[in-house]
Amino acid sequence: MRKLHHFHGGVHPPSNKAQSTLSAIAHAPLPSRLVVPLHQHAGEAAKPVVQAGDHVLKGQLIGMPDGFVSSAVHAPTSGIISAIDMQLIAHPSGLPNLCATLIPDGREEWVARKPVDYREHSSAELQHLLRMAGAVGLGGAGFPSDIKLRIGKQKIATLILNGAECEPYISCDDMLMRERAGEIVQGAEILRYMLDADEVLIGVEDNKPEAIAALQQAITASEPALQQNKRHEVVAIPTIYPGGGAKQLIRVITGLEVPSGKLPTDIGVQCFNVATAYTVYRALAHGEPLLSRVITITGNVRKAQNYEALIGTPITELVALAGALPDTSGYIMGGPMMGFPLPALDVPMVKATNCIISTSEKLFPSPPPAMPCIRCTRCVEACPADLQPQDLYWFAQSKEFGRAQKFSLFDCIECGACSYVCPSHIPLVQFFRFAKSEIRAREHDKQLADQARVRHEFHEQRIEREKREKAEKLTAREKSAQTAKLAGTQSLTPQQQAAQAELEAGRAHIIELAKSEVEQVKE
Ligand code: SF4
Ligand code: SF4
């Protein structure tokens with residue numbers, strides 16, 4: 001049995017997952033309208049390649065990746081694009097974003113799919129295919145998967161598949177592992193092949209015994225297709241929040257510590273979510289871009305359940321499937337620890353939407369007013385990143401952002417464990433998010449100011465250079481004119497020179513006479 005390790009801190013909130021795992025994953029019906037944002041991933045938004053009025057097929061490209069960190073976006077079904085415009089999306093900012101609205105024709109008519117045998121392609125070719133398939137991390141961050149596979153010359157010893165799913169209420173990964181373990185294992189093997197990793201370790205919290213058993217069976221069943229000298233293993237890890245944080249999972253499974261400011265690849269490890277491995281398998285083995293995902297609808301609803309729904313489905317239609325109860329007070333996207341309240345319900349689900357929780361005063365009572373910090377250090381004990389949350393809170397509150405950075409603010413994974421244990425009910429994580437966004441905004445402003453300064457200096461230098469060049473040209477022209485004049489005088493005969501001198505003297509005399517006449521008139 002593999003020796004497991006511990007990470008610092010962690011908490012044990014009630015899991016509340018059982019209610020959404022009683023039934024199998026259901027297919028959400030085709031909605032009457034799909035709103036597909038062109039920016040569903042980290043990095044640059046995709047560029048629209050269709051127009052209002054176009055008929056599209058299921059899986060047809062509608063947004064081309066635009067930039068190094070970007071990913072493609074596809075039509076989730078066949079139908080007519082009715083608009084490409086700014087619409088409200090599910091984001092804490094509540095700001096609208098460019099979206100393609102698609103009215104389904106109900107035929108679900110696919111574009112031609114091109115499955116590939118990954119073993120016949122290089123990692124670089126597969127990376128391109130994944131970029132064009134819109135494969136992004138489905139664990140929450142939405143980071144384009146192809147970027148995480150571009151490792152250059154770094155040696156990856158261990159590929160970790162994250163099946164921890166430690167946030168309360170969320171069970172979409174659990175159900176995916178139970179029902180589609182075979183595809184996940186094959187996706188893991190594709191990722192292992194692309195990274196040339198020595199082993200695949202699938203980390204699953206020990207409160208998911210069905211998922212663990214399903215994955216173990218799938219590994220045994222897939223053995224003929226897996227590379228024989230590479231290890232594939234399911235690792236049951238202790239249930240503790242946030243055991244699914246990448247750094248925490250790596251620590252628990254391998255004992256390795258990802259240093260501050262470094263990436264897992266710097267220590268020879270790469271991590272993908274289990275749902276991302278599933279997407280990678282569908283994209284390559286079936287030629288299917290990322291058009292749908294499994295999402296948990298839970299909380300204050302009649303029947304909590306997981307649904308496979310098309311990207312762009314209005315959340316209001318998904319919530320209606322589960323039946324929100326009359327005393328519902330709002331909705332959270334994601335889990336109660338790291339999620340955010342939805343600005344409105346009429347927003348589309350995106351690739352990173354793993355859960356919608358309907359809230360009520362009974363389930364999520366309003367927190368009492370925050371009290372002053374009593375320096376109890378319970379937040380320090382709970383912090384999985386080994387930070388000093390009470391100090392970071394002080395710096396964030398007093399806007400001493402430089403000091404917050406020195407105290408490793410950016411190592412904070414915003415897990416909310418500190419806020420969860422704080423007896424003074426201080427919303428610590430909100431302060432950390434605020435401090436981070438302020439620092440990022442200031443750095444952005446500084447970058448813009450630096451760019452403007454460099455542009456101004458360049459402009460000044462160019463004007464100086466042009467002036468100098470003009471003056472040099474003028475001097476050169478005058479010199480050549482003088483030289484020509486001198487050369488012209490020297491070429492005259494002595495008689496001609498005498499006549500020229502006489503002419504010059506006469507001209508000078510006439511000028512003198514004219515001057516004295518003017519003086520007389522003045523007098
Ligand atoms: S848990 Fe709350 S009260 Fe205690 S030290 Fe941390 S911030 Fe202060
Ligand atoms: S939110 Fe940040 S500071 Fe608070 S416990 Fe999590 S990692 Fe630590």
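This is a predicted model: local features need pLDDT of at least 70, side-chain atom pairs count only at pLDDT 80 or more; totals for chains, interfaces and linings use all residues.
Trainee: Let's start with the ligands. Which residues surround ligand 1?

Mentor: Four cysteines are in the list, C373, C376, C379 and C422.

Trainee: Is E414 buried or exposed?

Mentor: E414 counts as buried, because its relative accessibility is 19% and the cut-off is under 20%.

Trainee: Which other residue has a positive phi although it is not a glycine?

Mentor: K399 does, again at about 55°. K399 is in the loop between α10 (389-397) and α11 (401-406).

Trainee: New topic, the helices. Which residues of α1 are buried?

Mentor: In α1, which runs over residues 123-132, the buried ones are S123, L126, Q127, L130 and R131. They lie on the same side of α1, because they cover an arc of only 145° around the axis.

Trainee: Why would residues a few places apart point the same way?

Mentor: An α-helix has 3.6 residues a turn, so residues three or four places apart point the same way.

Trainee: OK, and what covers the buried residues of α1?

Mentor: The cover includes α2 (145-149), α4 (181-195) and α7 (274-285).

Trainee: Let's take α7 then. At what angle does α1 pack with α7?

Mentor: The angle between α1 and α7 is about 100°, and their axes are 10 Å apart. That makes α1 roughly perpendicular to α7.

Trainee: Which residues meet there?

Mentor: On the α1 side you have L126, L129 and L130, and from α7 come V280, A283 and L284. By class, the contact of α1 with α7 has 6 nonpolar residues, no polar and no charged.

Trainee: What about α4 and α7, how far apart are their axes?

Mentor: The axes of α4 and α7 are 7 Å apart, at an angle of about 80°. So α4 is roughly perpendicular to α7.

Trainee: And which residues of α4 and α7 meet?

Mentor: α4 brings E183, I184, Q186, G187, A188, I190 and L191. They meet V274, A277, Y278, V280, Y281, R282 and L284 in α7. That contact of α4 with α7 divides into 10 nonpolar, 2 polar and 2 charged residues.

Trainee: Which residues of α8 are buried?

Mentor: I315, L318, V319 and A322 are buried in α8, which spans residues 315-322. Their arc around the axis is only 100°, so they sit on the same side of α8.

Trainee: What covers them?

Mentor: The cover over the buried residues of α8 includes the strands β13 (292-299), β14 (305-310), β15 (330-333) and β17 (355-359).

Trainee: Last bit. Which peptide bond is cis?

Mentor: The one from Y241 to P242 is cis, with omega near 0°. P242 is in the loop between β11 (231-237) and α6 (246-254).

Trainee: And V252, where is that?

Mentor: V252 is in helix α6. V252 is buried, with a relative accessible area of 5%.

Trainee: What does V252 touch, leaving out residues up to four places away in sequence?

Mentor: V252 touches K3, L4, H5, F7, I237 and P238. For I237, the separation from V252 is 15 residues in sequence and 7.4 Å in space, C-alpha to C-alpha.

Conventions: Residues are numbered from 1 along each chain as its sequence is written. Chains are lettered from A and ligands numbered from 1 in the order in which they are written. Side-chain values use heavy atoms; hydrogens and water are left out. A residue is near a molecule or strand if one of its heavy atoms lies within 4 Å of it. Buried means under 20% relative accessible area, exposed over 50%, partly exposed in between (1.4 Å probe, protein chains only). Helices (H or I, at least four residues) and strands (E, at least two) are DSSP runs, numbered from the N terminus. The arc is that of the directions from the helix axis to the C-beta atoms. Contact means heavy atoms within 4.5 Å. Axes are lines fitted to C-alpha atoms, for helices over the stretch in contact, and angles run from 0 to 180 degrees between N-to-C directions. Angles under 35 degrees count as roughly parallel, over 145 as roughly antiparallel, 65 to 115 as roughly perpendicular and the rest as oblique. Ala, Val, Leu, Ile, Met, Phe, Trp, Tyr, Cys and Pro count as nonpolar, Asp, Glu, Lys and Arg as charged, and the others, Gly among them, as polar.
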